[in-house]
Amino acid sequence: MDTSEKYICLNGEIHESDAPILYSSNRAFRYGDSVFESMRFTQKQIPFFKKHWQRLQKAMAVLFMQPTANFTEELVLGYILRLIEKNNIPADARVRLTVFRSGDGTYTPTTNTIEYLIEVDALEDDCFVLNPKGLLVDIYNDLKKSKNILSPYKIGSAALYVMAGINKIKNELDDSIIINDKGNIIEATSSNIFAVKNGVLYTPPIEEGCINGVMRNVILEIAKENRIAVYEIGLAFNVMLNADEVFLTDAVNGIRWISSYKAKRYFNTMSKTLVDKLNAAAIKAQGV
């Protein structure tokens, strides 16, 4: 799609994507003073939108961001759907909703009111599809993530994830696995992580410092509904070597299976099963 034909939404108003509507004083640009949600539009809706909205509200509260009158769940969802139509996206789309603090100031803001930006991009697949080729991953050791009040949320100041992304390019990986300050595995660059052993799921608890992922929580619910045992426990390095299967979850891609870590190779039996159940759950969700 040509850039001139693409549109974005700022504070409820539609603009061409290359319109000069953001200033250099924007606090998201200067300080990463923002929070965001990445979502998937599929089956003519955004399944699990309410879960995204609830997490966003919690993140804004932690950052002392105050919503404006045109920032409600119903209005924002309407703006997203309008933007998808305006961009002539025929099927699935990636949606990014960024909320940033208004006003000037240095590190100390002059106001806590917010503005927001919505962006959409077309996706190739019409539903959640498991990656045909498994991912090659390794541990990123240079920076470790600490548990704090911001760690469960997608905050604009994301240097750790940028560095992990650079690491995967330098080492010709498909993704980098991030560890916490205790040395435990907690997530990947943009995904939560699950290990499978003897049909049982294992994933780090939020207390370990990982993102409180919407798709992570959806998979936990699907596992419970289908009587698949799940343990939320700290994952040491040896889990990667002992697991039968390891997969990543995120709201846009759904589930992506890992095929190899160092000399270890994995199956994808559980991943295939969960993708089918995820698509069924997405159809059933209707925005919940």
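**Figure 1. Residue classes in the lining of the largest cavity of the predicted model.** Seven nonpolar residues, one polar residue and one charged residue make up this lining. The residues concerned are Met39, Arg40, Pro47, Phe48, His52, Phe128, Val214, Met215 and Ala251. Two elements, strand S3 (34-41) and helix H5 (214-225), each contribute at least two residues to the lining. The space in the largest cavity amounts to about 50 Å³. The model has one cavity of 30 Å³ or more.

**Figure 2. Helix H5 and the residue that follows it.** H5 comprises 12 residues, and the distance from its first C-alpha to its last is 17 Å. This span is close to the 16 Å expected at 1.5 Å a residue. Val214, Met215, Arg216, Val218, Ile219, Leu220, Ile222 and Ala223 are the buried residues of the helix. Val214 and Met215 also belong to the lining of the largest cavity. After H5 comes Arg227, with a positive phi near 55°.

**Figure 3. The largest pocket and its lining.** The largest pocket holds about 870 Å³ of space. Its lining consists of 39 residues, and those nearest the centre of the pocket are Phe36, Lys154, Ala158, Tyr161 and Thr189. By class, 15 of the lining residues are nonpolar, 11 are polar and 13 are charged.

**Figure 4. Secondary-structure elements around the largest pocket.** At least two lining residues come from each of S3, strand S4 (93-101), strand S6 (135-145), helix H4 (159-170), strand S8 (185-188), H5 and strand S12 (245-250). The greatest contribution is that of H4, which provides five residues. S3 and H5 each also supply at least two residues of the lining of the largest cavity.

Figure 5. A polar contact of 3.0 Å joins the side chain of Thr98 to the side chain of Arg96. When residues up to four places away in sequence are not counted, Thr98 touches Ser34, Val35, Phe36, Glu115, Tyr116, Leu117 and Glu119. One of these contacts, Phe36, is among the residues nearest the centre of the largest pocket.

Definitions and conventions: Residues are numbered from 1 along each chain as its sequence is written. This is a predicted model: local features need pLDDT of at least 70, side-chain atom pairs count only at pLDDT 80 or more; totals for chains, interfaces and linings use all residues. Side-chain values use heavy atoms; hydrogens and water are left out. On a 1 Å grid over the protein atoms alone, a cavity is a set of points where a 1.4 Å probe fits but cannot get out, and a pocket is an open set with protein on both sides within 12 Å along at least five of seven lines; lining residues have an atom within 4 Å of a point. Grid points are joined across faces, edges and corners, and a volume is the space filled by probe spheres set on the points. Helices (H or I, at least four residues) and strands (E, at least two) are DSSP runs, numbered from the N terminus. Ala, Val, Leu, Ile, Met, Phe, Trp, Tyr, Cys and Pro count as nonpolar, Asp, Glu, Lys and Arg as charged, and the others, Gly among them, as polar. The expected span of a helix is 1.5 Å times one less than its number of residues. Buried means under 20% relative accessible area, exposed over 50%, partly exposed in between (1.4 Å probe, protein chains only). A polar contact is a pair of N or O atoms within 3.5 Å; within protein, one must be able to donate a hydrogen and the other to accept it, and residues adjacent in sequence count only if both atoms are side-chain atoms. Contact means heavy atoms within 4.5 Å.
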